Amino acid sequence: MNIYSAKEIRECDKSAHDNGLSIFSLMENSGHALFEGVSKLLDKKQRIGILAGSGNNGGDAIVLSRLLLNRGYKAELIFPAGLPASKVAQDHLEYYITCGYSFSREIEGEYDVLIDGLFGIGFRPPMPQKMALCLDFWRKSKAIKIAIDIPSGVEADHGRVQTAFLADHTFCLHGAKPSAFAYPSSTYYGHLHIVDIGIPQKAKFRIWTEEDLRKSWPQPLDNPHKGTFGTGLLIAGSSQMPGCAVLAGTGAMRGGIGKLVIATEKTVADKCTVSLPEATYVNREEADWQHDSSLQKIAAAAIGPGLHPDDALEHLIASYLEEDECPLILDAGALSERSYPKGRKGAVILTPHPGEMARITGKTVAEVNENRIQVASDYATTHNVTVVLKGMNTVIAFPDGTGYVNMTGNRGLSKGGTGDTLTGILLGMISQGYQPSTVANAVYLHGKTAELYTEDYAPSTMLASDIMKIWPALLRKLKLE
């Protein structure tokens, strides 16, 4: 489940060629892998139109057409934009013809299935007018629509789209492309399938899966006590937003933390103790941060839910950034433009939504959503922080340039407070010991609660407070404890 930019894919192809695997053979491999995946969606009674372009994406379509015809499918190879210009695609077309198969240059009539092999990772807008008109026409077809590698009209690395093939399924060769997780391009991919074409995987980013979760989930400890699971500090909540402290605090407690200290306003603490009596509370406005024993020996800290940025908060964040060992999670009011210590041992984790990411990077929200992986990764590597860019297809980017994309969740999470709960979950899990996988697991499970909720209820009815009500059942269902 790897993710590659267009440049990285070309480097993989070149490396395979330099090590003895010709591009002709690589295209043949791709065609066979596509056949294995695509044929599971087809039957031999369907009329299948395969749209081939003039480049290597069209070459993959030619190989797929030949294999479908070899197995008795009613496949028709079509070149609506002209015959192949790529030498390797020309060679495959010549082999296709010697097998006794024909092709056409125009779509004729209705098809049960349309397979898009027009443009690949090399596409750059604008779309040729003739093809744009064709795409608009094909969009109205009731045929099952399948894209090879990337929907035509979508760029590999960017989310901007003028017009594109609207796929029900996309079979990504070797790995997914960044645009599969950007907006609005991700809406053109349909169901995502990753196709192994037989070359080594060297991706910096990949999709985090349930298998990854299970491999990295910590084993239960013998004879534990509350000290075993760490003490976490949550600085959150204000008179305008007292619930943020409850949501984040509940996330931390159910996330497995041993002891939770919440530093908040006194009036907020008075309200929170009713909902969360398990935590201990410190008056944030009067706290002696240097000498109060309850604020010492903190395994991890989270700052920001329900807070408004001001000089006092910035000073407090700066003091915790100076604490070299303590993992620090910054959310909401704690997110601003600042520098971060380059050599800090404890991880600094930022959890912005796209609007907050736009604010701290100086970009627009559209620019963030169109380049989610790149924006998050650039910020993480430049500032030596981990970025959890929330939203559909949450991006988790680490300072070393690697990262994960999380695909769990649904629109049930599109409610105020769900991000506060995630901050709490992160605090609860990281207080027990930090690993990069801990961040990915917190995000994965946060999304899975919404999926479990919508097995019984409409997603529009979900509240942020439902996340941690679902949490115990989710862990039991996944047999994690």
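## Cavity

Which helix gives the largest share of the lining of the largest cavity? Helix α5 (residues 129-139) does, with three residues. Helices here are DSSP runs of H or I with at least four residues, strands are E runs of at least two, and both are numbered from the N terminus. This is a predicted model, in which local features need pLDDT of at least 70, side-chain atom pairs count only at pLDDT 80 or more, and totals for chains, interfaces and linings use all residues. Residues are numbered from 1 along each chain as its sequence is written, and side-chain values use heavy atoms, without hydrogens and water.

The structure holds one cavity of 30 Å³ or more. A cavity is a set of points on a 1 Å grid, over the protein atoms alone, where a 1.4 Å probe fits but cannot get out; lining residues have an atom within 4 Å of a point. The volume of the largest cavity is about 40 Å³, taken as the space filled by probe spheres set on the points, which are joined across faces, edges and corners. Its lining consists of Leu135, Trp138, Arg139, Lys145, Ala164, Phe165 and Leu166. Five of the lining residues are nonpolar, none is polar and two are charged. Nonpolar covers Ala, Val, Leu, Ile, Met, Phe, Trp, Tyr, Cys and Pro; charged covers Asp, Glu, Lys and Arg; the others, Gly among them, are polar.

## Surface patch

Leu83, Ile97 and Phe103 form a nonpolar surface patch. Together they have about 220 Å² of accessible area, computed by the Shrake-Rupley method with a 1.4 Å probe, with only the protein chains shown counting as cover for residues. Patch residues have over 30% relative accessible area and no salt bridge; nonpolar side chains (Val, Leu, Ile, Met, Phe, Trp, Tyr) are joined within 5 Å, like charges within 9 Å.

Leucine 83 sits in the loop between β3 (74-78) and α4 (87-98). Its relative accessibility is 35%, so leucine 83 counts as partly exposed. Buried means under 20% relative accessible area, exposed over 50%, and partly exposed in between (1.4 Å probe, protein chains only).

## Salt bridges

How many salt bridges does the structure hold? There are 16, each a side-chain nitrogen of Lys or Arg within 4 Å of a carboxyl oxygen of Asp or Glu.

Lysine 14 pairs with aspartate 18, with 2.8 Å between the closest N and O atoms. They are separated by about one helical turn because they lie four residues apart in helix α1 (residues 6-18). Lysine 14 counts as exposed, at 52% relative accessibility. Aspartate 149 bridges to lysine 177 at 2.7 Å between the closest N and O atoms. This pair links distant parts of the chain, 28 residues apart: aspartate 149 is in the loop between β6 (144-148) and β7 (169-173), lysine 177 in the loop between β7 and β8 (191-195). Both residues, aspartate 149 and lysine 177, are buried.

Aspartate 331 and lysine 390 also meet in a salt bridge (3.4 Å, N to O). Aspartate 331 lies in the loop between β14 (328-330) and β15 (348-350), and lysine 390 in the loop between β16 (386-389) and β17 (394-397), so the pair ties together parts 59 residues apart in sequence. Aspartate 331 is buried at 2% relative accessibility. Lysine 390 is buried at 13%.

Notes: On a 1 Å grid over the protein atoms alone, a cavity is a set of points where a 1.4 Å probe fits but cannot get out, and a pocket is an open set with protein on both sides within 12 Å along at least five of seven lines; lining residues have an atom within 4 Å of a point.
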